[in-house]
Amino acid sequence: MNDIIENTFDDVAEDYDINEYFLITAEKMLQDISYKDNLNILDLSCGTGHTTLLLAQKFRNSSITAIDISASMIEVASKKAKENKFDNITFKKEDVTKLDFEKNTFDIITCGFGLFFYPSMENCFKNFMEILKTDGTFIFSSFSKEDHLKEISVHCKEKKILLQTNTLITKVQKDI
Ligand SMILES: C[S@@+](CC[C@H](N)C(=O)[O-])C[C@H]1O[C@@H](n2cnc3c(N)ncnc32)[C@H](O)[C@@H]1O
């Protein structure tokens with residue numbers, strides 16, 4: 001399944017940015033995050049870098065790791081980062097379902113229109129919560145509310161994780 005996803009996004013990478021909807025949503029995802037210095041930030045399924053580049057601009061003195069399974073999507077993102085002279089982004093071609101970061105690593109994790117591609121959203125979500133620092137924030141976008149909430153809301157209740165959602169964007173605050 002991941003091969004199909006990877007090949008599909010490899011094929012559409014060059015023309016992906018024609019659809020401005022993804023950039024508009026990325027802007028909305030970040031509008032409520034207040035600026036702090038020296039953060040460790042992870043952008044999951046970064047694609048052509050809509051969220052990544054906005055993060056790099058907003059958090060100039062922070063380190064941003066951007067991951068995607070499609071080499072071609074990363075290539076487009078990386079080219080844009082170079083054009084904008086951002087030196088605070090590290091791109092990695094990786095499968096988000098196989099992440100290997102230490103617990104409590106990231107202050108902010110973002111995921112623009114990616115979560116529903118992962119075979120088990122719940123397992124991935126649990127892993128994201130592990131690698132997110134206490135007090136950290138996870139923000140993701142989705143095409144519909146129902147897509148994602150059922151699988152992760154039970155876990156959030158159990159762990160007392162604060163979850164705020166509207167139709168498109170969900171903010172998760174890990175403050176336990
Ligand atoms: C709809 S695009 C969103 C891209 C970007 N976040 C945005 O908002 O424009 C979904 C992205 O998820 C990536 N993706 C899907 N499954 C993945 C996986 N298992 N690991 C890493 N990236 C994945 C695809 O390659 C694609 O770039």
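## The shell around the ligand

Ala, Val, Leu, Ile, Met, Phe, Trp, Tyr, Cys and Pro count here as nonpolar, Asp, Glu, Lys and Arg as charged, and the others, Gly among them, as polar. By these classes, the shell around the ligand holds twelve nonpolar, nine polar and two charged residues. Please keep in mind that this is a predicted model: local features need pLDDT of at least 70, side-chain atom pairs count only at pLDDT 80 or more, and totals for chains, interfaces and linings use all residues. Residues are numbered from 1 along each chain as its sequence is written.

The ligand is surrounded by 23 residues, and the closest are Phe22, Ser45, Gly47, Val96 and Gly112. A residue is near a molecule if its C-beta atom, placed from the backbone, lies within 6 Å of it. Two or more shell residues come from each of α1 (2-12), α2 (21-30), α3 (50-58) and β2 (63-68). The largest share, three residues, is given by α1. The elements named here are DSSP runs numbered from the N terminus, with helices (H or I) of at least four residues and strands (E) of at least two.

## The sheet

Now to the strands. Seven of them form an open sheet with mixed pairing, in the order β3-β2-β1-β4-β5-β7-β6. Its edge strands are β3 (89-93) and β6 (162-165), each of which pairs on one side only. On average, neighbouring strands of this sheet are turned by 15 degrees against each other, direction ignored; the axes are lines fitted to C-alpha atoms, and angles run from 0 to 180 degrees between N-to-C directions. Two strands count as paired if DSSP finds at least two bridges between them.

## Strand β1 and its partners

Strand β1 covers residues 40-44 and is joined to β4 by four bridges, with the two running parallel. One of the residue pairs here is Asp43 with its bridge partner Thr110 in β4. β1 also pairs with β2 in the parallel sense, over five bridges, and the bridge partner of Asn40 in β2 is Ser63. From β1 the chain crosses through α3 to β2, and this β-α-β crossover is right-handed. That term applies if, with the strands pointing away from the viewer, the path from the first strand over the helix to the second runs clockwise.

How many residues of β1 are buried? Four of the five are, so the strand is largely enclosed by the rest of the structure. A buried residue has 20 or more other C-beta atoms within 10 Å of its own, an exposed one 12 or fewer, and a partly exposed one a count in between, with C-beta atoms placed from the backbone.

In strand β4 (residues 106-112), seven of the seven residues are buried, so the strand is largely enclosed by the rest of the structure. β4 pairs with strand β5 (residues 132-141) in the parallel sense over six bridges. In β5, Leu132 is the bridge partner of Phe106, while Thr137 is the bridge partner of Ile108. The chain passes from β4 through helix α5 (residues 121-131) to β5, in a β-α-β crossover that is right-handed.

Which residues of α5 are buried? They are Met121, Cys124, Phe125, Phe128 and Met129. Seen down the axis of α5, these buried residues fall within an arc of 140 degrees, so they line one face of the helix. The arc is that of the directions from the helix axis to the C-beta atoms.

## Individual residues

Lys85, although not a glycine, has a positive phi of about 60 degrees. Lys85 lies in the loop between α4 (71-83) and β3, and counts as exposed because 7 C-beta neighbours lie inside 10 Å. Phe113, also not a glycine, has a positive phi of about 45 degrees. Phe113 sits in the loop between β4 and α5 and is partly exposed, with 19 other C-beta atoms within 10 Å.

Finally, Val154 belongs to helix α6 (residues 145-159). Val154 counts as exposed, with 11 C-beta neighbours inside 10 Å. The C-alpha atoms of Val154 and Leu55 are separated by 29 Å, and the two residues are 99 residues apart along the chain.
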